[in-house]
Amino acid sequence: MSDAQPGGPARNIPIRSVPADAPAPLAGDGAGCHNGREQMQAAAQAAGKGETLARYAADYPKAPDAGPHDQPQSMCPAFGSLRVGLRMRRTATVLSGSACCVYGLTFTSHFYGARRSVGYVPFNSETLVTGKLFEDIREAVHGLADPARLDAIVVINLCVPTASGVPLQLLPKEINGVRVIGIDVPGFGVPTHAEAKDVLAGAMLRYARSEAEAGPVAAPRGGRGALPTVALLGEMFPADPMVVGRMLEPMGLAVGPVVPTREWRELYAALDATVVAAIHPFYTASVREFEAAGRPVVGSAPVGLDGTQDWLRAVGEAANVAPERIAAARNAMLGAMRGVLAANPVRARITLSGYEGSELIVGRLLADSGADLRYVGTACPRTPWNAADAEWLQARGVHVQFRASLEQDLAALREWQPDLAIGTTPVVQAAKQACVPALYFTNLISARPLLGPAGAGALAEVINAAVASRARFDRMKAFFGEAGSGHAAGVWEAAQGVPRERPEFKAEQRRLMAKAERRRKAEEMI
C-alpha cells in the first residue's frame with residue numbers, strides 16, 4: 001500500500017499475514033457488535049488495546065461487585081465524543097465502526113441539532129483483518145486535511161475496530177497544519193456517553209498543552225483579558241457562564257472558556273486559566289491535563305445557598321484572592337440566593353436520576369428549594385469532585401446512587417412514590433404509566449440555567465408546573481381505565497379482538513429458557 005503525502009515521498013505500509021496462533025478475528029460489519037462484553041474486551045487486549053482499556057478502567061471505574069446491570073442504560077457512549085467534535089468550529093469527525101452503529105449515532109447527532117456531515121469509513125471482515133481499514137482511514141484523513149477549512153480532524157474507533165486493534169495512534173499527528181486526533185470509544189470500555197465527552201476533551205487538551213509548551217499559540221478570539229480566569233469544565237446552558245462571571249466579579253476574577261470548547265484556540269485559553277471549576281465531576285482525563293499544566297481544580301458548583309457559598313470560597317482560595325474580597329462575593333450572593341429560593345419554593349416529593357453527570361448539583365438545588373428529595377441516581381461514578389455534593393445530600397437523608405442502573409431508578413420510583421419523577425426516558429415512561437408526573441432530565445432539566453440565582457428561579461418554575469399536572473393524569477386514567485394495558489397493550493383491529501392472556505405459553509417459554517441455561521452450564525464444565 002502506498003501513502004503519498006502531499007509534498008513528501010510515498011512510503012509503503014506492510015500488510016503482514018495473521019499468525020496461525022492469533023485469536024480469531026471478530027465478525028465484520030454488524031455481527032461483531034453482538035459479541036459479549038468479555039469477548040470484545042479479550043479481543044481488544046489481544047489486539048494491542050490493553051493499555052487503552054486499562055486507562056479507561058482507571059478513569060471511569062465501575063463498582064467492583066457490579067452485577068448483570070453494571071452498564072448504565074444510557075445511549076451509545078461514542079455519542080459523547082461525537083457530540084464534542086460536532087459542536088466545534090473547523091473540526092471534522094470521522095467514525096470507524098459498524099454501519100448500524102454509525103447510522104444510529106449520526107441520527108442521534110442530528111436529532112440533537114448537529115448541522116454538519118459525519119465522515120464514515122466502511123469496512124468488512126477482509127479489510128478489517130488485512131489492515132486495509134486503517135489504510136482507508138488514513139486516506140480519508142489525508143483527503144479531509146484542508147487547513148483553509150479545518151483546524152482538526154477527529155477519528156473515532158467504535159466497538160469492532162477497537163476490538164480488532166485498528167491502530168489510530170499510527171495516524172500522522174498533523175497533515176498540512178491540520179491536527180489529527182484518533183481515539184477509541186468502545187461501549188465495552190467507556191461506560192457512558194457523558195464520560196466519552198471526556199475522552200475527546202482530554203485528548204484535545206493534551207494535544208493543545210503540547211503545542212503551548214512548544215511555543216506561542218493563538219490568542220482567544222476576543223483577545224486575552226486582564227483579569228485571572230476560571231475555566232468551567234462540563235457542557236452547560238449558555239447563560240450559566242455569564243451568571244458565573246457576575247458572581248466572580250467582586251473577587252476580581254473573570255469566567256474563562258467552557259470545556260468542551262467550541263473552537264480549538266479556546267483550549268489554550270482554558271489551559272491558561274487560574275482555576276478550573278469541575279462543574280461536571282467526571283472529566284477525569286481533562287482534569288489530569290489541567291493538573292499537568294499546574295492548574296488547581298475545584299469541585300461542586302454554585303447551586304443553592306450552601307453550594308454557592310462553598311463554591312465561591314473554594315474558587316477564591318484556589319485563586320489566592322484576599323479573604324475580604326471572597327467575603328464580599330459571598331455576601332453579594334447570600335441575599336440574592338435567599339430571596340430567589342424564598343420566592344420560588346418547591347413543595348413536592350421527588351426522585352431524580354439521569355446520565356449527564358450533573359444530577360447531584362441539581363439535587364442540591366432541589367433540596368435547597370424545599371423539595372422532599374428522596375433519591376438521586378447518576379450513571380456516572382463517584383469522584384473527588386462530587387464527593388462534597390454526595391455528602392451534603394446524604395446528610396439530608398437523600399439516597400445517592402452512583403453508577404445507577406435503570407432497575408435501581410425504577411425501584412426508587414416504586415419505593416418512594418414521588419409527586420414528580422425526573423429521569424431518563426424509560427423512567428419517565430414508567431412514571432407516567434403510574435400516573436406520576438415526570439420530566440426527562442436531559443432535555444428539560446440539564447438544558448436550562450442551573451447556576452446562581454437564575455438557576456434557582458428557572459428550575460422551580462418547571463418543577464412546580466409539572467407537579468401541578470397530577471390531576472390531568474388522574475382524569476386520563478379514570479377515562480381510559482385498564483384499556484390497552486398489560487398483555488392487551490397496543491392497537492388492535494376490531495375483527496381480531498383483544499388478545500387473550502396465555503399464562504401456559506409464558507410458563508412453557510420459561511421452562512425452555514431454564515433448560516437451555518442448564519445445558520449451557522453443563523457444556524462449560526466439559
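In which helix does Ser 81 lie? Ser 81 belongs to helix α2 (residues 78-86). The close-ups below come from a predicted model, where local features need pLDDT of at least 70, side-chain atom pairs count only at pLDDT 80 or more, and totals for chains, interfaces and linings use all residues. Residues are numbered from 1 along each chain as its sequence is written, and side-chain values use heavy atoms, with hydrogens and water left out.

**View 1. Ser 81 in helix α2.** Helices (H or I, at least four residues) and strands (E, at least two) are DSSP runs, numbered from the N terminus. Ser 81 has a relative accessible area of 0% and is therefore buried. The cut-offs are under 20% relative accessible area for buried, over 50% for exposed, and partly exposed in between (1.4 Å probe, protein chains only). Contact means heavy atoms within 4.5 Å. Neighbours within four places in sequence aside, Ser 81 is in contact with Ile 156, Ile 183, Val 185, Ala 196, Lys 197, Val 199 and Leu 200.

**View 2. Pro 172 in the loop between α6 (159-163) and β6 (174-175).** Pro 172 counts as buried because its relative accessibility is 15%. Apart from neighbours within four places in sequence, Arg 138, His 142 and Val 180 are in contact with Pro 172. Gly 182 is ten residues from Pro 172 in sequence, and 9.5 Å from it in space, C-alpha to C-alpha.

**View 3. Helix α11 (residues 304-318) packs with helix α12 (residues 323-343).** Two packed helices are described by the angle between their axes and the distance between the axes. Axes are lines fitted to C-alpha atoms, for helices over the stretch in contact, and angles run from 0 to 180 degrees between N-to-C directions. Here the angle is about 165 degrees and the axes are 9 Å apart. So α11 is roughly antiparallel to α12. Angles under 35 degrees count as roughly parallel, over 145 as roughly antiparallel, 65 to 115 as roughly perpendicular and the rest as oblique. By class, this contact of α11 with α12 has eight nonpolar, four polar and four charged residues. Ala, Val, Leu, Ile, Met, Phe, Trp, Tyr, Cys and Pro count as nonpolar, Asp, Glu, Lys and Arg as charged, and the others, Gly among them, as polar.

**View 4. Helix α12 packs with helix α18 (residues 452-467).** The angle is about 5 degrees, with the axes 9 Å apart. That makes α12 roughly parallel to α18. From α12, Met 333, Ala 336, Met 337, Val 340 and Leu 341 meet Gly 452, Pro 453, Ala 456 and Gly 457 in α18. By class, the contact of α12 with α18 has seven nonpolar, two polar and no charged residues.

**View 5. The two sides of helix α15 (residues 406-416).** Leu 406, Asp 409, Ala 412 and Leu 413 are the buried residues of α15. They lie on the same side of α15, because they cover an arc of only 125 degrees around the axis. The arc is that of the directions from the helix axis to the C-beta atoms. Arg 414 and Glu 415 are exposed on the other side. The buried residues of α15 pack against β12 (349-354), β13 (372-378), β15 (420-423) and α16 (425-433). Gln 417 follows α15, and its phi is positive, near 45 degrees.
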